[in-house]
Amino acid sequence: MRVVGFGLRPHAPRNALEQVLARVLDAARAHDGKPPVLNAMATLARRAEHPALRYLAQAYALPVIAVDEARVAGVATPTRSARIEALFATGSIAEATALLAAGEGARIIVSRIVSPDGTASAAMAETEGFIRA
């Protein structure tokens with residue numbers, strides 16, 4: 001299963017999410033050498049209804065997995081934001097939600113990418129051996 005996790009601020013514009021998603025998909029394509037297959041998007045439960053995220057989910061016909069904030073605490077992530085660590089006890093919301101939503105044994109295949117305006121980030125996780133088309 002492949003999941004794109006998002007970290008986003010309440011005022012993140014749609015173009016910020018579109019930019020980070022496009023960059024994650026490009027990086028996944030480079031990783032596999034073929035167009036990436038996505039199964040879901042994920043973010044913190046309090047951001048799951050964000051209009052820009054809902055727009056992307058509808059455009060890609062993907063579910064949004066709402067991850068409870070308490071679950072991200074202690075999730076080891078390849079990248080670290082000091083601000084996010086202080087607030088959530090994990091290095092990256094995008095990476096942590098992608099890992100949790102992808103399930104047991106998931107690994108990051110595209111590390112956190114941050115939008116130019118700093119309002120959104122995205123990362124991709126995969127559960128090896130279980131990629132649904």
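**A strand position and its surroundings**

Modeller: If neighbours within four places in sequence are left aside, A106 is in contact with L99, E126 and T127, contact meaning heavy atoms within 4.5 Å. The model is a predicted one, in which local features need pLDDT of at least 70, side-chain atom pairs count only at pLDDT 80 or more, and totals for chains, interfaces and linings use all residues. Residues are numbered from 1 along each chain as its sequence is written, and side-chain values use heavy atoms, with hydrogens and water left out.

A106 belongs to strand β4; helices (H or I, at least four residues) and strands (E, at least two) are DSSP runs numbered from the N terminus. Although 104 residues separate A106 from R2 in sequence, their C-alpha atoms are 8.8 Å apart in space.

Beyond neighbours within four places in sequence, A40 touches M1, R2, V3, V4, L62, P63 and I65. Its C-alpha lies 6.6 Å from that of V4, at a sequence separation of 36 residues. With a relative accessible area of 1%, A40 is buried (buried is under 20%, exposed over 50%, partly exposed in between, with a 1.4 Å probe and protein chains only).

V4 is in turn one of the residues with the most contacts inside the largest nonpolar core, together with F6, L17, L21, M41 and M124; this core has 26 residues. Such a core is a set of buried Ala, Val, Leu, Ile, Met, Phe, Trp, Tyr and Cys residues joined through side-chain atoms within 4.5 Å. Two or more of its residues come from each of β1 (2-8), α1 (14-32), α2 (51-60), β4 (106-114) and β5 (120-127). The greatest share is that of α1, with 7 residues. Another core, of 18 residues, lies apart from this one and includes V3, A42, V67 and A102.

Across the whole protein there are 5 helices and 5 strands, in the order β-α-β-α-β-α-α-α-β-β from the N terminus. The radius of gyration is 13 Å, close to the 14 Å that the globule rule gives for 133 residues, so the protein is as compact as a globular protein of that length; the radius is taken over C-alpha atoms, and the rule is 2.2 Å times the number of residues to the power 0.38. Of the 133 residues, 50% count as buried. Among contacts with a separation of 6 or more, 62% join residues 24 or more positions apart.
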